[in-house]
Amino acid sequence: MTIATTSFFDFLINQFIQTSILEWFAVITGFICIYLAAKESIWNWPISLISVTCYGFLFFREAMYGDMTLQVYFLFTGVYGWYYWLSKKEEIQKPITTLKPKGWFLAILFITGLSVLLGWFMANYTNSTVPYADGFCTSISFVAQILLTRKVLQNWLLWVFANACYVPLFIYKHLNLSAILYFVLIIIAYNGYRDWRKKYREQEN
């Protein structure tokens, strides 16, 4: 047992040593921005701009073009989300809203269609080794980000699902530090959902 434990920790240390500075920076800033978003802190937006820029270069290097493009989208939505949350003097003046059944239907329909389209494009026109997995994760994140900028409660449920899908994808691509981060982000996203749900219920009462 001791030998097995030592080998496991040696493996983890080697993985951390082999992790690039770019991935370290992307992971640390990504962790901070998600934590701040869960706390409804407006500072999540400027920090997210740093994180998505780092991840954009990282995903380009790993030929994950769907997620690379997603980072460009995150740049624009980050600026928009920052402006939207600043449009009132107090952050709490922007109420949390909820997704209705029609909204869920449109979200699922959009995710399905975009996943197929992105997967087909990357499979036929790029050197991506994970075209459909990349396209699926990208599509979920795309919709989740829109809902986050509008302070829709269910954005956190989509982030939980998206992060759970990213963990095995990152492991497959040997982005082990990012896989660990996204595992932690599953917990953070779920806690974000619980916090926002509580605040939403308080608003309604």
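Read along the sequence, the chain follows the pattern α-α-α-α-α-α-α-α. The chain thus named holds 8 helices and 0 strands; helices (H or I, at least four residues) and strands (E, at least two) are DSSP runs, numbered from the N terminus. The model is predicted: local features need pLDDT of at least 70, side-chain atom pairs count only at pLDDT 80 or more, and totals for chains, interfaces and linings use all residues. Residues are numbered from 1 along each chain as its sequence is written, and side-chain values use heavy atoms, with hydrogens and water left out.

Two values describe the chain as a whole. Of its 205 residues, 48% are buried; buried means under 20% relative accessible area, exposed over 50%, and partly exposed in between (1.4 Å probe, protein chains only). Among contacts with a separation of 6 or more, 71% join residues 24 or more positions apart, where contact means heavy atoms within 4.5 Å.

The packing of the helices comes next. Two packed helices are described by the angle between their axes and the distance between the axes. Axes are lines fitted to C-alpha atoms, for helices over the stretch in contact, and angles run from 0 to 180 degrees between N-to-C directions.

Helix H2 (residues 21-38) and helix H3 (residues 44-61) pack at an angle of about 150 degrees, and their axes are 8 Å apart. H2 is therefore roughly antiparallel to H3; angles under 35 degrees count as roughly parallel, over 145 as roughly antiparallel, 65 to 115 as roughly perpendicular and the rest as oblique. The crossing of H2 past H3 is left-handed, a term used if the near helix is turned anticlockwise from the far one by less than a right angle, with right-handed used if clockwise. Residues in this contact include Phe25, Ala26 and Gly30 of H2 and Ile50, Cys54 and Tyr55 of H3. By class, the contact of H2 with H3 has 14 nonpolar, 5 polar and 1 charged residues; Ala, Val, Leu, Ile, Met, Phe, Trp, Tyr, Cys and Pro count as nonpolar, Asp, Glu, Lys and Arg as charged, and the others, Gly among them, as polar.

Phe25 lies in helix H2 and is partly exposed, with a relative accessible area of 46%. Not counting residues up to four places away in sequence, Phe25 touches Ile50 and Cys54.

H2 also packs against H8, with axes that come within 9 Å and cross at roughly 5 degrees. H2 is therefore roughly parallel to H8. The residues taking part include Trp24 and Phe31 of H2 and Leu181 and Trp196 of H8.

Elsewhere, the axes of H5 and H6 come within 7 Å and cross at roughly 145 degrees, in a right-handed crossing. Among the residues that make this contact are Phe110 and Trp120 of H5 and Tyr132 and Phe142 of H6.

The last topic is the nonpolar core, a set of buried Ala, Val, Leu, Ile, Met, Phe, Trp, Tyr and Cys residues joined through side-chain atoms within 4.5 Å. The largest one has 52 residues, of which Tyr55, Trp156, Trp159, Phe170 and Tyr182 touch the most other members. The elements giving two or more residues to this core include H2, H3 and helix H8 (176-204), and H8 supplies the largest share, 10 residues. Leaving aside neighbours within four places in sequence, Tyr182 is in contact with Tyr55, Asn163, Tyr166, Val167 and Phe170.
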